[in-house]
Amino acid sequence: YDEGYNCESLNDDFQVRWKVDAENQEIQFELLGRIDEDVYMGFGVSGSETRANMLGADPVVADFFNGEFRARDYYLSERAQCSTFNGACPDADRFVEDISTESVSGERAGSFTLVRYRRPFAPADVNEVFNGLAVVSCSETFRRFRSHK
């Protein structure tokens, strides 16, 4: 368990951790989930200011696919597969270059997948807003991940 990270357990099998790096004007994220290699996990800004809502949401979708850890920025305009820039579409499809997630890396241990990435304070698209990140602590899921290594 690395010091300096804030943490929120979203359920027994999924945790998001983050650390603000003011010097480099970025936020470092870690998504930790008990998922199979062909399954994704996502975390991001809700499409609503008052409740959790998928429509209009701007999540990062992370996975371990064909031996590669990935963290890709999406925008969810509809509850449908991406088609002609509508639906659940990667930002890379909407913009020439998606620089919303950087320095992607990860680890697999047992049934756990940990994906790390960085995002700049100044988002690449107007849908991304970082505010209200509370300082919390959790380590049980992370401790279980480390015990599988």
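## Close-up views of a predicted protein model

**View 1. The elements of the chain in order.** From the N terminus on, the elements of this protein follow the pattern β-β-β-β-β-β-β-α-β-β-α, which comes to two helices and nine strands. Helices (H or I, at least four residues) and strands (E, at least two) are DSSP runs and are numbered from the N terminus. This is a predicted model, in which local features need pLDDT of at least 70 and side-chain atom pairs count only at pLDDT 80 or more, while totals for chains, interfaces and linings use all residues. Residues are numbered from 1 along each chain as its sequence is written, and side-chain values use heavy atoms, with hydrogens and water left out.

**View 2. The open sheet of four strands.** Four strands, in the order S4-S5-S6-S7, form an open sheet with antiparallel pairing, where two strands are said to pair if DSSP finds at least two bridges between them. At the edges lie strand S4 (41-45) and strand S7 (88-90), each of which pairs on one side only. Neighbouring strands of this sheet are turned by 35° against each other on average, direction ignored; the axes behind this value are lines fitted to C-alpha atoms, for helices over the stretch in contact, and angles run from 0 to 180 degrees between N-to-C directions.

**View 3. The hairpin of S5 and S6.** Strand S5 (residues 58-65) pairs with S6 in the antiparallel sense over six bridges, and Asp63 has Arg70 in S6 as its bridge partner. Two residues lie between the strands of this hairpin, in which Asn66 takes a positive phi near 50°.

View 4. Tyr75 stands opposite Cys89 in S7, and Tyr74 stands opposite Pro90 in S7. Seven of the nine residues of S6 are buried, so this strand is largely enclosed by the rest of the structure; buried means under 20% relative accessible area, exposed over 50%, and partly exposed in between, with a 1.4 Å probe and protein chains only.

**View 5. The protein as a whole.** Of the 149 residues of the protein, 38% count as buried. Among contacts (heavy atoms within 4.5 Å) with a separation of 6 or more, residues 24 or more positions apart account for 48%.
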